[in-house]
Amino acid sequence: MTKPVEKVVILVDVQNVYYTTRQAYQANFDYNEFWACVTFDRTVVKAIAYAVDKGDEKQRQFQNILRAIGFEVRLKPYIQRADGSAKGDWDVGITLDAMEYAPHADTLVLVTGDGDFDLLADKVRTVLRKRVEIFGVPQFTAASLINSATSFTPIKDHLLLGK
C-alpha cells in the first residue's frame, strides 16, 4: 500500500526574500533549488509568488522565470509616495490566499521573515490543523513567526545562487 502524496501550498513574499538575502549574504535566493526542495515527493496545490511591479525588463524576465518554475506571479504596482517612501505590501493578499488554499493541502510553505505573518501561521497550524513551514533568512526572520510555525528552514548556503 502506498502512502498518500503530501499536498502543499507555496506562498513567496518576493520583496522580503529579495531584500533579506541581499542584505545578509549579498546574494539572491535560488528559486529553482527551493522549488526542488519543497516539492520533492509532494503535489503542489497552489504556488504563488507575490511581487511589486516596477515595469522594467529585468523584472519581467525574472517574473517569467518564476512562471517557468511553476509559480503563479501576482503583481502590485510600485507606488512612490510624495515623501519618498514606497508602498508595495502583499500581506493581506498572502493571508487571504493562505486561508483559501491551505484547507486543500497538508502543508503551507511561507517564504518570508515578516513577523506580521505569525498570526496567520498560528491560525493555519492550530485551527486548520495544517503544517506550516517557514523559509526565511535567520537574522531577518521574526522570532514570533518562527515560534508560530511547525518548522523553520533557514535560507542560506544551497538556497542561495552562487554560494
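Thr39 belongs to helix α2, residues 31–39, where helices are DSSP runs of H or I of at least four residues, strands are runs of E of at least two, and both are numbered from the N terminus. This is a predicted model, in which local features need pLDDT of at least 70 and side-chain atom pairs count only at pLDDT 80 or more, while totals for chains, interfaces and linings use all residues. Residues are numbered from 1 along each chain as its sequence is written, and side-chain values use heavy atoms, with hydrogens and water left out.

Thr39 has a relative accessible area of 15%, and therefore counts as buried, which means under 20% with a 1.4 Å probe and protein chains only. Setting aside neighbours within four places in sequence, Thr39 is in contact with Ile10 and Val44, contact being heavy atoms within 4.5 Å. Ile10 lies 29 residues away along the chain, with 9.2 Å between the two C-alpha atoms.

Turning to helix α3, residues 57–69, its 13 residues should span 18 Å, and the end C-alpha atoms are 19 Å apart, which agrees; the expected span is 1.5 Å times one less than the number of residues. Which residues of α3 are buried? They are Gln59, Gln63, Leu66 and Ile69, and they cover an arc of only 115° around the axis, so they sit on the same side of α3, the arc being taken over directions from the helix axis to the C-beta atoms. Among the elements covering them are α1 (14–25), α2, β2 (42–53) and β3 (72–77).

Key: Buried means under 20% relative accessible area, exposed over 50%, partly exposed in between (1.4 Å probe, protein chains only).
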